[in-house]
Amino acid sequence: MHIVFIGAHPDDETSASGTIAKYTAQDHRATIVMATRGGRGHWKIPSDELEAIREEEMGNAAEILGAKVRFLDHRDADVPGGDAFREELVDVVRELKPDVVITFHPQVWRDDHRRVGLAAADACFKACLPLVETRFPAHRPVPDIYFIGRPMVPVEPDTYIDITDHMKVKLEAFRQHRSQWVKWDIDDDDSTMPIEEIEAMMRHRARQRGMESGVTYAEAFISQYLRKRALDFFPLKR
Ligand SMILES: [Zn+2]
């Protein structure tokens with residue numbers, strides 16, 4: 001199985017990093033595709049410098065997760081909306097041939113995340129159409145899509161992955177994103193957050209998801225249009 005995570009900024013994969021680690025540990029493949037290098041994700045570090053730092057951080061985190069990384073060359077906070085970006089992702093999907101795509105729910109907070117999520121989901125379908133001719137042949141079947149993030153309208157997760165045995169790896173991978181140990185919601189030059197505080201928050205969140213699903217630590221996803229659940233209720237008849 002090939003899991004492809006499509007995100008906007010290095011560290012976005014953190015919502016699914018326990019799941020990625022769990023499957024790569026079982027010899028499945030994972031690729032992390034980031035639309036940007038996160039060059040505006042800091043209060044002070046200049047953009048060029050920050051992009052280089054975050055590219056390296058992402059590489060280190062991916063290595064810990066057993067995943068490969070690919071960057072698309074868009075600018076942080078300016079991920080394009082619209083058809084051209086979707087077309088670009090059609091070729092990413094066709095080339096990487098994922099069985100599962102994890103991306104942002106198209107209604108989450110932040111335009112970069114929304115644009116990536118919507119374009120990725122649409123690209124997964126368009127990539128399967130043989131009459132859409134691009135550099136690569138069509139990829140079928142359409143991958144299973146799982147969404148991350150907190151949508152601005154209430155949507156409950158319907159898929160939980162037990163990451164109890166991979167919580168340590170999840171924390172270790174996030175530790176690599178050192179430039180992102182910052183608080184965004186305060187007006188303070190010293191906005192660095194102690195990693196222990198961040199890890200406590202990550203554990204708390206994974207524990208909450210674990211309690212919802214009857215395990216110690218979990219990650220939660222929203223499956224594509226509740227497709228799996230719908231098929232349980234209405235099995236296809238041929
Ligand atoms: Zn992000």
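The questions and answers below concern a predicted model, beginning with the sheet and moving on to the helices and individual residues.

Me: Do β1 and β4 run parallel or antiparallel, and which residue of β4 is the bridge partner of Val4?

Reply: Strand β1 covers residues 2–7 and strand β4 covers residues 100–104. Four bridges join β1 to β4, and the two strands run parallel. In β4, the bridge partner of Val4 is Val101.

Me: How many bridges join β7 to β5, and how many join β7 to β6?

Reply: Strand β7 (residues 218–223) runs antiparallel to β5 (residues 144–148), and β6 and β7 also run antiparallel. Tyr146 stands opposite Ser223 in β7, while Thr159 stands opposite Phe221 in β7. The number of bridges is two for β5 with β7 and four for β6 with β7.

Me: How are α2 and α5 oriented relative to each other?

Reply: The axes of α2 and α5 (residues 167–175) come within 8 Å and cross at roughly 165 degrees. An angle over 145 degrees counts as roughly antiparallel. The crossing is right-handed. The two helices are therefore roughly antiparallel.

Me: Which residues of α5 meet α2, and how many residues of each class does the contact have?

Reply: From α2, the contact uses Ala61, Ile64 and Leu65. These meet Val169, Glu172 and Ala173 in α5. By class, the contact has five nonpolar, no polar and one charged residues.

Me: How does α3 lie relative to α4?

Reply: Helix α3 covers residues 83–96 and helix α4 covers residues 111–126. Their axes come within 8 Å and cross at roughly 55 degrees, and the crossing is right-handed. That angle makes α3 oblique to α4.

Me: Which residues make the contact of α3 with α4, and what are its classes?

Reply: On the α3 side, the contact is made by Phe85, Arg86, Leu89, Val90 and Val93. On the α4 side, Arg115, Ala119, Ala120, Asp122, Ala123, Cys124 and Lys126 take part. By class, the contact has eight nonpolar, no polar and four charged residues.

Me: How many of the eight residues of helix α1 are buried?

Reply: Helix α1 spans residues 17–24. Among its buried residues are Ser17, Thr19, Lys22 and Tyr23.

Me: Is Gly117 buried or exposed, and with which residues is it in contact beyond its neighbours within four places in sequence?

Reply: Gly117 is in helix α4. It counts as buried because it has 24 C-beta neighbours inside 10 Å. Leaving aside neighbours within four places in sequence, its contacts are Thr103, Phe104, His105, Pro106, Val108 and Phe147.

Me: Are Asp11 and Asp27 buried or exposed?

Reply: Asp11 is in the loop between β1 and α1 and has a positive phi of about 100 degrees. Asp27 is in the loop between α1 and β2, with a phi near 70 degrees. Most residues other than glycine have a negative phi. With 23 other C-beta atoms within 10 Å, Asp11 is buried; with 8, Asp27 is exposed.

Me: What is the form of the peptide bond from Arg140 to Pro141?

Reply: Pro141 is in the loop between α4 and β5. Most peptide bonds are trans. For the bond from Arg140 to Pro141, however, omega is near 0 degrees, and the form is cis.

Methods: Residues are numbered from 1 along each chain as its sequence is written. This is a predicted model: local features need pLDDT of at least 70, side-chain atom pairs count only at pLDDT 80 or more; totals for chains, interfaces and linings use all residues. Axes are lines fitted to C-alpha atoms, for helices over the stretch in contact, and angles run from 0 to 180 degrees between N-to-C directions. Angles under 35 degrees count as roughly parallel, over 145 as roughly antiparallel, 65 to 115 as roughly perpendicular and the rest as oblique. A crossing is left-handed if the near helix is turned anticlockwise from the far one by less than a right angle, and right-handed if clockwise. Two residues are in contact if their C-beta atoms, placed from the backbone, lie within 7 Å. Ala, Val, Leu, Ile, Met, Phe, Trp, Tyr, Cys and Pro count as nonpolar, Asp, Glu, Lys and Arg as charged, and the others, Gly among them, as polar. Two strands pair if DSSP finds at least two bridges between them. A residue is buried if 20 or more other C-beta atoms lie within 10 Å of its own, exposed if 12 or fewer, and partly exposed in between; C-beta atoms are placed from the backbone.
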